[in-house]
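Me: Please take a close look at one residue and its surroundings, and then carry on from there through the other parts that deserve attention. I would like the cut-offs behind each term as you go.

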Amino acid sequence: MAFDGITIANITKELAETLTGGRIYKIAQPESDELLLTIKNNGSQYRLLLSADASLPVVYLTENNKPSPMTAPGFCMLLRKHLQNARITAISQPGLERVIHLRLEHLNELGDLCEKKLIVEIMGKHSNLIFCDDQDQIIDSIKHISGMISSVREVLPGRPYFIPQTQNKWNPLRFSGRYMEECSSLFLRTQEDSEPLTYVNFCAHMKEKPMPLYKALYTTYTGLSPIIAQELCYRAGIDADMPANVLEDAALRAVCKTMTDMMEQTAAGNFSPVIIYDGRVPVEYAAFPLTLYSDKTSQAFSSVSSVLERYYAERSVVTRIRQKSVDLRKIVQTALERNIKKYDLQMRQMKDTEKRDKYKVYGELINTYGYNVAPEAKSMEALNYYTNETITIPLDNTLTPQENAQKYFDKYGKLKRTNEALSELTIQVKEEIEHLESILAALDIAMQEEDLVQIREELIESGYIRRKGGSKKVKITSRPFHYVSSDGFHIYVGKNNFQNDELTFKFANGGDWWFHAKQIPGSHVVLKTEGAEVPDRTFEEAARLAAYYSKGREQDKVEIDYVQKKHVKKPAGAKPGFVVYYTNYSMAIDSDISGLSELS
């Protein structure tokens with residue numbers, strides 16, 4: 001998840017192809033560190049988002065507009081003064097730096113043609129948008145960086161602009177013959193670009209790095225993120241965690257060739273942007289396919305702007321839902337820990353009651369043989385007529401044999417009553433633990449705020465949350481997941497226990513098939529048959545959904561029980577989502593649902 005130099009090369013290519021020759025129609029600054037440029041080119045209108053946000057710096061084309069403040073900030077007003085109706089003459093990236101240059105032509109107050117640069121630096125917390133003249137003198141920037149903030153470079157009006165070389169990294173594009181042929185271009189040429197990099201250089205660089213290979217790659221070469229470095233190692237078939245300085249020649253050659261191939265693709269602009277999904281959650285994006293995520297779903301896009309907009313929008317949804325579910329998760333987790341402690345204590349007490357029958361036998365044997373016990377004896381030996389073994393029975397020498405026998409009968413009675421009470425209590429607590437674990441599973445798969453509303457309602461009805469001020473029950477709008485199998489069968493997945501009950505006992509027909517992970521918290525999955533014969537492939541796909549929407553989704557294989565709905569019963573007074581069944585089929589299957597289509 002890095003806006004690295006290769007991703008910036010991809011976005012630079014896209015912007016150059018789309019916006020070069022276009023004119024800036026509108027300039028807005030919706031946030032303190034963000035610009036939104038509206039550009040008209042070739043009869044179309046485009047919006048270019050430039051963000052120098054320290055936590056999420058991005059550049060991409062978007063169709064979405066953003067509201068602007070009533071009074072435009074000073075930087076925005078300056079750009080409007082100089083760049084309103086300016087023409088974009090070129091968009092480029094120096095080397096593989098995380099920097100984009102927009103070269104602009106405009107007419108000044110006297111009508112003379114002038115050239116300016118708008119420079120976008122995507123460097124984490126050091127990100128900035130810098131406006132320069134044709135001599136690379138800074139006119140202004142969206143963030144002012146004084147010498148008190150940075151000893152490396154001041155970003156202030158009147159200061160010269162340059163890219164600080166603080167990490168002594170090499171430009172990996174120099175491995176590309178195509179890049180070296182083109183590096184005489186005005187916007188790409190630097191002093192170091194005069195000489196190509198070769199395998200000999202690569203070996204020398206790696207031999208200086210006593211660290212994991214993937215780390216050696218991204219700390220040596222500009223524009224490589226850790227994930228791209230790991231991808232290079234994976235493609236080369238080399239362990240990314242191997243120390244770089246001990247690799248043999250064959251391994252170094254494999255990695256060097258893999259990186260050269262990727263740099264040739266980068267220089268040629270042959271990008272294939274993708275988003276990697278873990279189920280429904282986006283976990284990574286890149287300008288090239290990531291083969292190291294072969295166990296996850298990869299979705300290809302024709303535009304890197306679409307990748308960035310989709311990725312960050314979906315990640316923000318996941319993050320927002322996780323944040324909004326924190327209070328519910330804390331309530332459930334606290335209750336779960338309390339019940340687990342209670343259950344462990346009860347099980348220890350249950351173990352103590354296992355000796356109750358021994359005390360009963362002691363009492364009976366004392367009554368039978370006690371007349372032979374000497375006064376003030378501390379023990380007696382007797383034949384246990386249940387086992388035909390002689391045992392030694394401890395005695396209280398201050399009590400008579402009859403009183404000792406009664407003492408043991410009293411212990412037996414107390415432990416028996418304790419066992420009977422605990423037998424019922426442990427079942428109740430175990431059911432409560434399973435219920436709470438199922439709620440945690442529902443929180444894990446919640447994707448929308450309305451999903452949390454239904455989970456909160458379940459916690460209220462279960463007594464874990466008080467309904468505020470006598471408020472009425474909220475309207476439930478969350479609906480189960482709806483998939484279509486490869487053979488056209490409709491499959492439904494409950495998002496929480498209320499939906500599980502509704503799917504199983506109100507929606508499903510007796511001949512429909514019901515799936516659930518075996519002895520693992522998870523969703524009820526209903527396969528609608530409509531009276532048709534179901535092929536094996538559809539059974540497997542429904543089972544994969546049951547595996548994915550369960551606590552076992554990270555396992556290689558999950559055991560899934562499946563049975564016709566008519567065999568699934570709900571005991572009287574059972575917790576939401578709890579069912580029983582006695583005749584079922586089972587299969588062990590993975591949780592890959594990438595081949596299934598979800599309907600909205």
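Reply: Thr-7 has its place in helix H1, residues 5–19; helices (DSSP runs of H or I with at least four residues) and strands (runs of E with at least two) are numbered from the N terminus. The model is a predicted one, in which local features need pLDDT of at least 70 and side-chain atom pairs count only at pLDDT 80 or more, while totals for chains, interfaces and linings use all residues. Residues are numbered from 1 along each chain as its sequence is written, and side-chain values use heavy atoms, with hydrogens and water left out.

With a relative accessibility of 2%, Thr-7 counts as buried, a word that here means under 20% relative accessible area, as against exposed at over 50% and partly exposed in between, with a 1.4 Å probe and protein chains only. If neighbours within four places in sequence are set aside, the contacts of Thr-7 are Ala-2, Tyr-285, Ala-287, Val-304 and Leu-308, where contact means heavy atoms within 4.5 Å.

Helix H1 comes up again in the surroundings of helix H6 (residues 226–236), whose buried residues pack against H1, helix H5 (213–220), helix H7 (249–268) and strand E11 (281–286). The buried residues of H6 are Ile-227, Ile-228, Ala-229, Glu-231, Leu-232, Cys-233 and Ala-236. After H6 comes Gly-237, with a positive phi near 75°.

Most residues other than glycine have a negative phi. Against that background, Glu-376 has a positive phi near 60° although it is not a glycine; Glu-376 belongs to the loop between helix H10 (356–369) and strand E13 (379–384), and its relative accessibility of 66% makes it exposed. Asn-388, also a residue other than glycine, has a positive phi near 60°. Asn-388 sits in the loop between E13 and strand E14 (389–394) and is exposed, at a relative accessible area of 63%.

Strand E4 (residues 58–62) has five of its five residues buried, so it is largely enclosed by the rest of the structure. Val-58, Tyr-60 and Thr-62 point one way from E4 while Val-59 and Leu-61 point the other way, and all of them are buried. Strand E3 (residues 44–51) runs antiparallel to E4 and is joined to it by five bridges, two strands being counted as paired if DSSP finds at least two bridges between them. Tyr-60 of E4 is the bridge partner of Leu-49, and a hairpin of six residues links E3 to E4.

An open sheet of seven strands has the order E20-E19-E17-E18-E16-E15-E21, with antiparallel pairing. Strand E20 (585–589) and strand E21 (597–599) stand at its edges with a single partner strand each, so one side of each has no neighbour in the sheet. On average, neighbouring strands of this sheet are turned by 30° against each other, direction ignored.

Helix H13 (residues 497–507) lies across strand E16 (490–493), strand E17 (513–517) and strand E18 (525–527), at about 140° to E16; axes are lines fitted to C-alpha atoms, for helices over the stretch in contact, and angles run from 0 to 180 degrees between N-to-C directions. H13 and helix H11 (401–445) each supply at least two residues to the lining of the largest cavity, and H11 gives the largest share, four residues. A cavity is a set of points, on a 1 Å grid over the protein atoms alone, where a 1.4 Å probe fits but cannot get out, and lining residues have an atom within 4 Å of a point. A search of the whole structure finds one cavity of 30 Å³ or more. The largest cavity holds about 50 Å³ of space, a volume being the space filled by probe spheres set on the points, which are joined across faces, edges and corners. Its lining includes Ser-438, Ala-441, Gly-494 and Asn-500.

Finally, the whole structure contains zero disulfides, a disulfide being a pair of cysteine sulfur atoms within 2.5 Å. The sulfur of Cys-114 has its closest cysteine sulfur in Cys-132, 15 Å away and too far for a bond. Cys-114 is buried at a relative accessible area of 19%, and Cys-132 is buried at 0%.

Terms used:
1 Å grid on protein atoms, 1.4 Å probe; cavity = no way out; pocket = protein on both sides within 12 Å on 5 of 7 lines; lining within 4 Å.
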